[in-house]
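Hi everyone, thanks for making the time this morning. I'd like to walk you through one model and talk about its contacts.

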Amino acid sequence: MNENLREIAKDIRCDVLTCIGHLGVGHIGGCLSVVELLTVLYFEEMNIDPKEPKKAGRDRFICSKGHAGPAVYATLANRGYFDKKELLTLNQGGTNLPSHCDMNRTIGIDMTTGSLGQGFSCAVGVALGSKLENDGATIYTLIGDGESQEGQIWEAAMFAASKKLDNLIAFTDYNKLQIDGTVEEVNGIAPLDEKWRAFGWNVIDVEDGNDIDEVSAAVKHAKLGIGSGKPTMVILNTKKGCGVKWIEDLGTANHNTNVTEEQAKAAILEIRGEA
Amino acid sequence: MEMRAIYAECLAKLMEADKHVVLLDADLAKASGTIKLRERFKDQIFDCGVAEQNMASIAAGLSSYGFRPWIESFTPFASRRICDQVAISIAYAKQNVKIVGTDPGISAELNGGTHMSMEDIGVLRSIPELVIFEPVDGVQLRAAMPVLNEYPGAVYVRLFRKELPDVFPEDYKFDLFKADTLKEGADLSIFVSGMLTKDVLDAAEALEKEGISCDVLNIHTIKPIDREAVIASAGKTRAVLTVENHNIIGGLHSAVLEALAEEKIPVKAVGVMDRFGEVGKLPYLREVTGLTKENIIKTAKEAVALK
């Protein structure tokens, strides 16, 4: 099942490594942890057309944890929004691919994000807009677990439930690590599922958020919530740096770290199972 | 007619004409005068509750979806409280959001220091591309509302809520980016924004009787300031006075100084002298902050003496 998606996820993961390795530094940990989600959304679930990136009524993905930009760009390039060669311009002066997502620079990016907490509220605004237009779009958004410490996340959570925005499907990249330590050490957010339920959301807990089959099933499950009168939060238990052992082993240090071209090449072999 | 009533009436017209014009507020619709529009525009008005940051970013999301959102709160909560959301969700992302801050400066009266924003223009003026507009009377506000709605970018509107004396005639032609000359004179330029404009005109009349003829310009758009008009007037009179209901740091005075930095012309200020607000009615607050006709006259003479 989903063998094709698994292969695409490998391609995206490798492209993330290639572009961050080419640059020499980047938010590698939180990019690699969300590859399966991006694969499922862009290659299986979302109603989108790379030939018409601004098409009215399309589904939207808003990456509120904007520092996962490189993972989104790799996904968009694999989906045909732009040439893969452009990935090598990541964070170079004048690039269309800045470290944090920018809707005015990058084809296929639906929101400018990076100041944590704000993208989630923007996604709520987009979901409200879609409801008002009655265009049937599904609005997907991704937040970080560290990002969940922002008060604005919970302001938006309250509003989305209050306005019954059941066209909104959110994901938490629950890799349990942030810059200064583990999320629980820094400023605990557990129990996350109970918090979202208490805020009036449907909650789906995914045991392995880096397993394509589980993520695919969870998104399908989440879509059943459309019409329920409640937005849905899918908590993805992920591994920061997933797919490359030495990056995983860096732990909290993998948030934004140096990656040489040689390390990237070795990592790609590891992902391809050729190491 | 109160400024908020004119604002609400204009918004109603805009919402009537275009269902993509939407209004978000943060539990202050009664204060801003828009509460009575709610029944009529159920699908265009949304109360976000006491969560201004969320309101600002939701508006950005709606803008990205083709809507023309207006958001409103008291000035401190529409500026310093949501500064990062205005900077990133709205201005940096090039969203078409109109931000209305009511009760500027000392006009917050009995709400006192916590609600008395002396710094909103200063906080927002350094955000690139953001336009800052402060209407001076009902005539100008009526003329400005459709222009603001059409303007494809972020604008902060600094709105005095209660009644203001009319300064402009009914046939007034509004240009968002051009200052208006209210009176021509040769000895002193007075640049004024907002609620003190009528006081400045009264002061100019008194000064005229004492032989000081004033050029009076209403700077309704503080950013981008109409540099051309400021330099032309100051170049003619060679002495300047700025008058504003805001801290003299960061507001109109600063904007005028920036425009005149290379002109070697003395510039004096009537404004809030880098202090917080306090509770009181307007006459008391005017006295303690020096925002009076008498102080305008006195400082105008000092400016002329510096020539």
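**Salt bridges and interfaces**

Let me start with one residue: B:Glu302 is partly exposed, at 32% relative accessibility. On that scale, buried means under 20% relative accessible area, exposed means over 50%, and partly exposed lies in between, with a 1.4 Å probe and protein chains only.

Before going on, some housekeeping. This is a predicted model, so local features need pLDDT of at least 70 and side-chain atom pairs count only at pLDDT 80 or more, while totals for chains, interfaces and linings use all residues. Residues are numbered from 1 along each chain as its sequence is written, chains are lettered from A and ligands numbered from 1 in the order in which they are written, and side-chain values use heavy atoms, with hydrogens and water left out.

Back to our residue. B:Glu302 forms a salt bridge with B:Lys298, and the closest N and O atoms are 3.5 Å apart. By salt bridge I mean a side-chain nitrogen of Lys or Arg within 4 Å of a carboxyl oxygen of Asp or Glu. Why are these two about one helical turn apart? Because B:Lys298 and B:Glu302 are 4 residues apart in helix H12 of chain B, residues 293-305. Helices here are DSSP runs of H or I with at least four residues, strands are runs of E with at least two, and both are numbered from the N terminus.

Over all chains, the structure holds 39 salt bridges.

In chain A, the side chains of A:Glu45 and A:Lys223 meet at 2.7 Å, N to O. A:Glu45 sits in helix H3 (residues 35-45) and A:Lys223 in helix H9 (residues 212-223), 178 residues apart. A:Glu45 is buried at 11% relative accessibility, whereas A:Lys223 is partly exposed at 25%. Through shared partners, salt bridges join A:Glu44, A:Glu45, A:Lys220 and A:Lys223 into one network.

In chain B, B:Lys162 and B:Glu109 meet in a salt bridge at 3.2 Å, N to O. B:Lys162 lies in the loop between strands S6 (155-159) and S7 (180-183), and B:Glu109 in the loop between strand S4 (98-102) and H6, 53 residues apart. B:Lys162 is partly exposed at 33%, while B:Glu109 is buried at 9%.

Now to the domains of chain B. The assignment gives domain 1 (3-159) and domain 2 (180-305), with bounds that come from an automatic or database domain assignment. Their centres, taken over C-alpha atoms, are 26 Å apart. The contact takes 28 residues from domain 1 and 32 residues from domain 2, where contact means heavy atoms within 4.5 Å.

How much area do the two domains of chain B bury between them? About 2,300 Å², 57% of it on carbon and sulfur atoms. Buried area is the accessible area, with a 1.4 Å probe, that two parts lose on being put together, summed over both. On the domain 1 side, B:Ile106, B:Met118 and B:Arg125 supply 34% of the area buried against domain 2, more than any other three residues.

Between the two domains the count is 1 salt bridge.

Last, the interface between the chains. Here 27 residues of chain A and 26 residues of chain B take part in the contact. Chain A and chain B bury about 2,100 Å² between them, 57% of it on carbon and sulfur atoms. A:Gln118, A:Leu132 and A:Glu155 supply 24% of what chain A buries against chain B, more than any other three residues.

Which residues form a salt bridge here? A:Glu133 and B:Lys19, with the closest N and O atoms 3.5 Å apart. On the chain A side, helices H5 (118-133) and H6 (151-162) are the elements that give two or more residues. H5 of chain A has the largest share, 11 residues. That side divides into 10 nonpolar, 9 polar and 8 charged residues, with Ala, Val, Leu, Ile, Met, Phe, Trp, Tyr, Cys and Pro counted as nonpolar, Asp, Glu, Lys and Arg as charged, and the others, Gly among them, as polar.

That's my tour, and I'm happy to take questions.
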